[in-house]
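Dear colleague,

Please find the structure below, handed over for your use. My findings follow it.

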Amino acid sequence: MLSVRIWGDRGSIPCPGKDTVVYGGNTSCLEIRAGERLVIIDFGTGIKPLGDWLMANDFKKGPINADIFISHTHWDHIMGFPMFTPLFIPTSRLRVRGPVSYEDETLEQIIGAQLTYRYWPVRISELSAKIEYAQIKETSLDLGDGLWVTTKYLNHPILCLGYRFEYRGKCIVTAYDNEPFRNLFPTDPADPSYDEDAAREGEAAAREENEKILRFFQGADVLIHDSQYTAAEFEKHLGWGHSSFEHAINNANKARVKKLILFHHDPNRTDKELEQLEENYRRRIAGKTSMQIMMAREGLTVEA
Ligand SMILES: [Zn+2]
Ligand SMILES: [Zn+2]
């Protein structure tokens, strides 16, 4: 069995409060189970309740043993790290992997910078778990027991990886934080810096990159996709590195995804708005595709 449970689905900053009790206020954290194997994506603040849950459940059966993948090192995706209880248990075995944009620092230094006395009462050298850190790029890794992961660079201001997990014929893909690739050259001939060749090449390059991403999603049972904005909001946030609901739905449908989870909610989005949006998008695609769509919600478990 391959499944994903959501512990944090917000982008940018945690947003607890009366308007976020249904979908949750924690930042990005996913728990993936492949048979007996535990995989975690991101150290957003959702890692705190996940750590507590693991201590109350898994730990009774044996030490915590997990592969942890970081989509990228923006703060909302790593800020929960110091509060992950298994870090303080000597028997824990954690393999942390993720992309690094500026290679003068290691993944351990970037995540560990939060654990210095300036910011936190515990230093990274004081963690008692056995933790291995590794920088990864676009690659394919055999994680053992029939579980594979393939990674793909997404379009974000720093290096950011999407993950494709495959286990016994089932597949879960993550694609956040990601903005659709677009032509960066002027396309309007009236623009004084317009260059016909550059405009054409820019168009082709963007299309090619977007097609690579579609191939990465192809046939996934579950796709967890960035959808911070509506299409109207997206126009005002070009270059911020995020997608619209419309883009996520369209891409997932093109790639014949079975279940799409709309993820990385804007921190200002209320429960009422998310409920309404979910209903609207479901109505819009009804009868046109067999794909299921759902808003990410804390506690939601989806089987591949
Ligand atoms: Zn983010
Ligand atoms: Zn980001």
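**Metal sites and other local features**

The 4 donor atoms around the zinc ion (ligand 2) subtend angles of 88 to 173 degrees, and the arrangement is therefore irregular. Please bear in mind throughout that this is a predicted model.

The protein donors of the zinc ion (ligand 2) are H72 (NE2), H74 (ND1), H156 (NE2) and D177 (OD), at 2.1 to 2.5 Å. Along the sequence, these donor residues follow the spacing H-x1-H-x81-H-x20-D. The zinc ion (ligand 1) lies 3.5 Å from the zinc ion (ligand 2), and D177 coordinates both. Distant parts of the chain are linked by the pair H74 and H156, which are 82 residues apart: H74 belongs to the loop between β4 and β5, and H156 to the loop between β8 (147–153) and β9 (161–167).

Turning to the other ion, the zinc ion (ligand 1) is coordinated by D76 (OD), H77 (NE2), D177 (OD) and H264 (NE2), which lie 2.1 to 2.3 Å from it. Here the donor spacing in sequence is D-H-x99-D-x86-H. The 4 donor atoms around the zinc ion (ligand 1) subtend angles of 91 to 163 degrees, which makes this arrangement irregular as well. H77 sits in the loop between β4 (65–69) and β5 (93–98), while D177 sits in the loop between β10 (170–175) and α4 (196–217), so the pair ties together parts that are 100 residues apart in sequence.

The bridging residue D177 is joined to Y176 by a cis peptide bond, with omega at about -5 degrees. Separately, D42 has a positive phi of about 75 degrees although it is not a glycine; D42 is placed in the loop between β3 (37–41) and α1 (47–56).

The remaining item concerns a pair of helices. How do α6 and α7 cross, and at roughly what angle? The axes of α6 (residues 245–254) and α7 (residues 271–285) come within 12 Å and cross at roughly 40 degrees. The crossing of α6 past α7 is right-handed. On the α6 side the contact involves F245, E246 and I249, which meet L277, Y281, R284 and I285 of α7. By class, the residues of this contact comprise 5 nonpolar, no polar and 2 charged.

To summarise the metal sites, D177 bridges the zinc ion (ligand 1) and the zinc ion (ligand 2), which lie 3.5 Å apart.

With kind regards

Terms used:
Residues numbered from 1 in each chain as written. Chains lettered and ligands numbered in written order. Predicted model: local features only at pLDDT ≥ 70, side-chain atom pairs only at ≥ 80, totals over all residues. Heavy atoms only, no water. Axes fitted to C-alpha atoms, helices over the stretch in contact; angles between N-to-C directions. Helix = DSSP H or I, 4+ residues; strand = E, 2+ residues; numbered from the N terminus. Left-handed = near helix turned anticlockwise from the far one by under 90°. Contact = heavy atoms within 4.5 Å. Nonpolar A, V, L, I, M, F, W, Y, C, P; charged D, E, K, R; others polar. Donors = N, O, S within 2.8 Å, 3.2 Å for Na, K, Ca; no water. Tetrahedral: all angles 85-135°; square planar, octahedral: opposite > 155°, others 65-115°.
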